[in-house]
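Dear colleague,

Please find the structure below. My notes on a sheet and on the aromatic rings follow it.

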Amino acid sequence: MNAVEYMPMPTSEISKIDENDEHQPESRQSLSEPPYSIHSDRLSSISDDNASLIKINNDEERSQESKSVEEPVQKVKPVEKLKQITRISKSKDSKILSSSMAITEDESALLKLNSLKKPSQAIPTIPSIDRRGVKGVLLRFFPNGDDHHPGVIMAINELEIKSWEAFLNFLNRQPKLILSSGGIQYVYTLDGEQIRSMNKLENRQSYVVAAGAFTKANYRSINDAFNDHSNGRTNKKNPVPNPTKRSSVVTQRRSSRITGDQFYIFPYSCLDTHEIMILNRNSTVKFDSWLNKEVTSLLYHYIDNDIITHLFAIQKSTFIEIKSFSQLFNTLKITDRFIACSEAEFQHSQRNLSAIVASGFFNNTILPKSPLSEFQRSIPKQDAKLSINWIYGYDGTKAQTKTLYNLSDNEILYVINAVCILYEIDLKQQRFYTEHNNAIHCLTTHQYHPLVASSETISSTDRLYVLIHIWDHMKLETITKLRKEQFGSEISLLSFSTKSDDNFILIVSRDKPKIILVTDWKHNEIIYSITSKSDKILSTCFAFNTNEWITCIGQQYLTFYRIDWNSKPLKITAEQESNVQNIYTGATAFFNPSEQLIVGDEVGSAHIWCLTDNEPRLLAVKESIIEKDVQMIVSINEESFLLANEQNQMKLWHVRSNTIADISLDNTYGSIQSICSIHQGLVIGTKSNYILLKKFNQNLIDVLMQGHTDPSTCICSNQNIDSFFFTSSDRYLYKWNTRTKLVEWSIKSPQLISCATLHPQRNIIILGTEASKLLIYDTLSSCYITTILLRINTGVKAVRFSPDGGDLAVGLKNGAICLFEVLGNGEFNLRTNGTFQNNNLPVVDIIWSVDSSYLLAIYNDDNYNIWSIPSFDIVHEKNIENISWYQMTNPMACNLIGKSIVAMCTSAIVLSPNLIICAGKDGQIRLFQSSNKRNIRTLQVGLGSIQSMIPSTSGNSYLLSINNNPAIVEIQVNIES
């Protein structure tokens with residue numbers, strides 16, 4: 001073993017760069033107060049000459065659009081309060097006001113001041129409908145599917161229609177739009193796109209109103225001309241007054257006071273931006289509905305078709321969840337800043353909000369969005385599609401994930417965390433069902449239909465509840481979701497009816513392990529419940545190819561129940577127990593077109609039951625087929641069965657000839673956990689996380705999938721080779737081939753591996769260990785080359801080759817950095833003065849600049865130092881954004897995203913000048929546009945918190961390692977111009 005030794009250099013003073021040293025206010029910063037008003041950009045856009053003018057349109061003025069009104073403005077005494085109904089015109093760079101909220105009465109000090117300065121200015125011409133501040137549109141509505149309906153034309157004015165719910169109520173009051181199917185709940189475009197916000201309605205366009213799903217129709221009056229003599233106007237009964245005219249109407253309007261509160265909402269997915277909302281205190285809508293509709297409409301750019309379900313108030317040092325309007329009104333006395341999140345984001349916020357500094361939201365002011373620079377305007381608009389390409393791994397160690405299911409002749413299904421993986425073996429292709437947001441606890445498939453039932457446990461604010469998905473595995477579409485109080489907090493058993501013409505499923509909750517719930521999944525209805533004698537039900541199913549008989553298997557009881565479906569109410573008409581006293585395992589299978597049932601026990605025997613004279617009868621018992629428990633029974637064909645257990649005993653039983661054949665499996669693959677049958681042979685899942693194919697009449701074993709047994713510590717790749725390297729906490733190093741999707745070789749390190757890096761040209765990999773050593777291996781042959789011994793009693797936390805491969809930087813747990821010159825595959829020379837330190841905290845990442853002139857060291861407190869190479873001086877004149885970094889994946893080095901996004905991410909990679917892909921601590925992949933820092937795409941990986949993301953071997957794919965999970969995920973990014 002070759003060793004390079006050195007002594008550490010003296011430690012210099014610690015210099016920390018703190019970018020968060022911002023002024024924190026002593027009390028609530030009211031954003032409506034000058035000189036830091038959030039409206040400053042809007043008010044500045046109004047000239048001094050027009051600042052005292054109030055512009056509003058009413059019904060009379062709309063009928064005389066060609067006329068202009070000019071009247072002098074009255075002088076106002078300084079002590080007199082001027083109450084005005086105002087509408088601040090939205091400038092190009094201003095925040096978006098929710099169009100569905102009420103327009104507030106406002107005492108504007110600036111308006112009063114300007115009215116005193118310039119009392120003799122004339123009122124300008126009233127703007128047209130396309131330019132005026134108050135939005136009014138002329139629309140035509142058709143009842144859903146009624147193609148002969150002439151349509152109803154009406155003018156909609158947002159001064160009277162203050163919310164989406166009020167708009168639906170207004171439509172329901174129109175006698176010509178009454179629907180036979182129920183009240184109007186949805187509005188669609190003629191193409192079937194659902195409209196959820198007032199600001200989506202376009203002038204002189206036609207829409208469809210519906211009580212449910214959209215129905216395509218060719219409406220005969222679609223091309224009829226619009227006219228201003230509409231069938232209905234929102235301001236017909238209550239004309240809008242003009243406050244510039246001296247009439248009693250203004251006094252009347254003041255007496256009907258609308259109180260509004262303006263506040264600022266930060267979307268949880270993008271905390272460095274905000275939107276403005278005006279709350280109408282007189283609103284009658286419920287708080288939850290307000291969140292689901294109004295706040296969702298305001299933040300739809302950020303939530304990727306989700307809905308807002310939770311609101312947090314931001315106070316000086318904490319975040320408080322708001323659950324009612326009364327709590328919101330009281331909180332508005334203290335703060336005017338809030339965070340809104342969806343249900344999925346809420347679960348993440350429960351764990352991560354405590355790590356966010358609440359006081360950071362209280363700067364002197366929240367400024368409006370900055371106008372785009374000329375460079376940003378020149379960046380072309382881009383979009384991209386995110387998808388999961390492949391998941392490396394299988395988890396045979398957990399009861400919830402070890403089972404393999406056959407879906408067709410050559411496709412199997414298995415689960416990792418919240419993802420259902422459908423693996424087509426011949427084509428080596430994977431498909432994914434990713435609609436679950438939490439780990440899947442139970443799953444079953446239908447014998448005749450392409451149906452799958454899978455359950456998850458969801459955590460709400462006060463309890464746990466179960467959600468069962470019924471989905472089509474051919475189309476990967478959710479058919480329905482079941483949720484009942486009787487399901488408890490977790491499902492232990494699911495079983496579809498074996499009949500092809502009913503919708504029944506049997507459900508057993510882990511909270512009530514003695515009760516079988518007979519459920520109609522299509523109608524989301526529990527039809528009947530059966531309480532068994534067993535303390536815990538091991539297996540249950542519909543037996544004998546009928547829905548009349550239900551089998552319940554406990555450890556000591558095998559019971560058959562007969563349900564009379566013709567009786568009202570339903571009742572059990574027969575209950576029969578097995579006369580054979582045995583200890584059952586719960587293993588079952590059907591054969592002879594599901595008319596006979598095979599049950600396994602703990603002494604290796606199989607019991608065959610059939611239906612004789614409409615009663616269950618024990619047909620035969622085949623004793624001691626295998627030596628120990630029958631834990632798995634797999635139907636091979638109509639006459640053959642495989643019986644197996646976790647001791648790797650497998651016996652093939654031919655029932656007709658009563659012959660038994662032995663099937664062997666090498667113990668090096670681990671103990672058998674699950675078996676299913678496809679046309680080629682047996683697919684076997686093992687506890688060592690292998691998926692194997694044992695072909696019929698052949699002794700060879702093909703490895704279909706090899707999963708790691710322990711979570712990852714590091715993942716690295718080069719784009720010029722067809723492989724990547726994975727290190728896990730069990731000290732193993734794996735070389736994966738991205739073309740074959742298999743492991744080429746694996747070795748076990750003598751020490752725990754903490755980090756790794758690949759040389760850009762040479763076939764070597766460097767492993768950093770917790771034992772102050774660097775291990776060097778050949779990437780082609782897996783041969784050990786040498787060890788570099790560091791004479792510092794501290795762990796290695798980061799290693800990185802320079803872009804040209806001439807230098808190796810090593811970051812240590814004590815905050816020091818070592819720099820080696822690379823002379824050959826096994827020759828490394830510590831540079832003179834090659835140890836430098838300016839922080840005692842552990843180094844978590846090292847990044848080289850593209851020209852190798854700078855080295856960025858990031859520490860575990862999110863501070864960093866930039867070192868000049870080879871002078872080893874700390875660079876103060878340049879910051880992290882001014883340098884181009886090589887293979888940058890750390891979000892700290894990405895200058896195109898805000899600090900709040902950095903705090904949520906573990907990795908960030910720039911795809912183009914306008915697109916950044918980020919891996920989130922919440923397990924989501926987010927795509928941001930750098931020009932507006934908006935989240936435009938989200939991909940829920942479904943395997944837990946993402947540890948890191950690196951480029952894969954192909955240009956548009958990326959590899960993800962997962963915290964506390966041995967799986968590796970490859971995602972695909974298809975950029976669209």
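**Sheet and aromatic contacts**

Tyr561 has Glu575 in S30 as its bridge partner. This is a predicted model, in which local features need pLDDT of at least 70 and side-chain atom pairs count only at pLDDT 80 or more, while totals for chains, interfaces and linings use all residues. Residues are numbered from 1 along each chain as its sequence is written, and side-chain values use heavy atoms, with hydrogens and water left out.

Strand S29 (residues 558-564) pairs with S30 in the antiparallel sense over six bridges; strands are DSSP runs of E, at least two residues, numbered from the N terminus, and two of them pair if DSSP finds at least two bridges between them. The open sheet has four strands, ordered S27-S28-S29-S30, with antiparallel pairing. Strands S27 (539-542) and S30 (571-577) each have a single partner strand, so one side of each is left without a neighbour in the sheet.

The whole structure holds 31 aromatic pairs (rings of Phe, Tyr and Trp, the latter by its six-membered ring, with centres within 6.5 Å; planes under 30 degrees apart are stacked, over 60 edge-to-face, the rest tilted). Trp164 and Phe167 form a tilted pair, with centres 5.2 Å apart and planes at 45°. Phe167 is buried at 0% relative accessible area, and Trp164 is buried at 7% (buried means under 20%, with a 1.4 Å probe and protein chains only). Phe325 and Phe329 are stacked, at 5.9 Å between centres and 20° between planes.

Yours sincerely

Note on methods: Buried < 20%, exposed > 50% of the residue type's maximum accessible area, 1.4 Å probe, protein only.
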